[in-house]
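This briefing concerns pockets and a strand arrangement in one protein structure. The sequence and coordinates are shown next.

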Amino acid sequence: MRDEVIYFLEKEVKGGSIPGAVISVRQENKQLMTAAVGEAVVYPDKEKMDLNTVFDLASLTKVVCTLPLILKFVASGEIHLHERVCFFLEEFATEDKREITVHQLLTHTSGLPASRDFYKESTEPKEILNLIAATPLQATSGRKVIYSDLGFIVLYKLIEKLASQRLDVFAKRELFEPLGMNETAFNPNYDLNRFASTEYDEASGRWLRGVVHDENARFMGGISGHAGLFSTVADLGNYVTALSNDGLFKHREIIAVPTLKLAAKNHTPFAAEARGLGWLLKSSNPSSCGDLFSASSYGHTGFTGTSIWIDPIDDLQVILLTNRVHFGRGTGILRLRPRLHNLIKSHMRSLL
């Protein structure tokens with residue numbers, strides 16, 4: 001089965017969907033397979049992908065960093081999910097924003113639009129929270145799912161307010177170091193040869209490598225709650241191990257189990273898109289985890305070509321890391337993900 005998964009990914013590389021990939025499949029605390037295929041860099045010169053390649057996680061930042069830190073504040077009694085954001089961030093005490101809650105930000109039901117190109121505006125990064133507060137809502141809060149980077153930028157500001165510390169510093173101390181995620185960071189200072197290259201940047205005239213791909217995160221200095229995190233498959237393996245072990249890593253509680261269970265429940269039964277806290281849940285709609293993962297499955301994707309999916313019924317975790325945007329912003333990854341997860345789920349027993 002390992003050979004079949006590798007063959008599948010190599011075929012996608014040859015077909016031009018992705019330059020390369022690193023994949024990890026775990027079940028019941030056993031590493032069923034880890035593999036690297038293709039190239040970490042194609043342009044200007046080819047460089048092979050390997051298991052130590054560092055990836056721009058893009059929106060996986062939301063569930064690998066922002067979500068667990070908010071859950072830790074819930075578990076410690078610092079906040080509860082249905083508190084109004086304006087209680088902590090006065091910028092949100094506007095007529096249309098004052099009722100927005102932490103829960104609505106996490107479930108993408110705040111009514112905030114998907115994004116806004118702050119990097120194109122004549123503004124300073126420190127003004128972003130004010131600009132978000134002044135951005136008109138696209139829906140009544142709590143009534144509709146609109147996947148919103150803006151909501152997770154607000155959560156980033158909330159974390160820094162509660163922690164009285166920068167997000168990158170706080171996350172390293174409270175999350176990454178306890179999980180042994182020593183190569184997970186914002187603005188990591190590694191040898192450039194370790195990074196998977198993302199997209200060509202017209203403004204700087206270079207291929208982005210070790211520099212965050214998301215334009216707003218880059219404008220904000222590489223640190224945000226919606227994007228900006230870099231990591232490796234081994235580090236992410238530690239994180240999903242903790243998720244699957246009731247928040248424990250090496251017998252130490254990292255995240256309280258009641259908050260983990262709450263995060264993986266459907267909080268948007270009124271919508272076609274099932275949303276947990278941060279997580280996207282498997283639903284009857286087409287899903288990036290394919291057709292065969294159970295209805296209890298939860299996961300997330302990143303625009304650069306990354307994803308995590310967890311099926312608690314089979315205690316199965318799949319991490320897929322690609323740098324698909326190195327070939328531009330095509331849609332090949334949208335077909336790749338569900339077919340790959342179907343292949344894994346169908347032949348899972350042969351991996352044992």
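How much space lies in the second largest pocket? The volume there is about 240 Å³. The model is predicted, so that local features need pLDDT of at least 70 and side-chain atom pairs count only at pLDDT 80 or more, while totals for chains, interfaces and linings use all residues. Residues are numbered from 1 along each chain as its sequence is written, and side-chain values use heavy atoms, with hydrogens and water left out.

**Second largest pocket**

- A pocket is an open set of points on a 1 Å grid over the protein atoms alone, where a 1.4 Å probe fits and protein lies on both sides within 12 Å along at least five of seven lines; lining residues have an atom within 4 Å of a point.
- Grid points are joined across faces, edges and corners, and a volume is the space filled by probe spheres set on the points.
- Among the residues lining the second largest pocket are L243, D246, K261, W279, Y298 and D315.
- Two or more lining residues come from each of α8 (233-244) and α9 (257-263); helices are DSSP runs of H or I with at least four residues, strands are runs of E with at least two, and both are numbered from the N terminus.
- With three residues, α9 gives the most to this lining.
- The lining comprises eight nonpolar, one polar and three charged residues, where Ala, Val, Leu, Ile, Met, Phe, Trp, Tyr, Cys and Pro count as nonpolar, Asp, Glu, Lys and Arg as charged, and the others, Gly among them, as polar.

**Largest pocket**

- The largest pocket holds about 820 Å³ of space.
- Its lining has 36 residues, and Y147, T301, G302, F303 and R337 lie nearest the centre.
- At least two lining residues come from each of α7 (215-219), β11 (280-281), β12 (298-302) and α10 (332-346).
- The largest share, four residues, is from α10.
- By class, 13 residues of the lining are nonpolar, 13 polar and 10 charged.

**Sheet and helices**

- An open antiparallel sheet has seven strands in the order β3-β2-β1-β14-β13-β12-β11, with two strands taken as paired if DSSP finds at least two bridges between them.
- β3 (47-48) and β11 are at the edges with a single partner strand each, so one side of each has no neighbour in the sheet.
- Strands β13 (306-311) and β14 (316-322) are antiparallel and joined by six bridges; S307 has L320 of β14 as its bridge partner.
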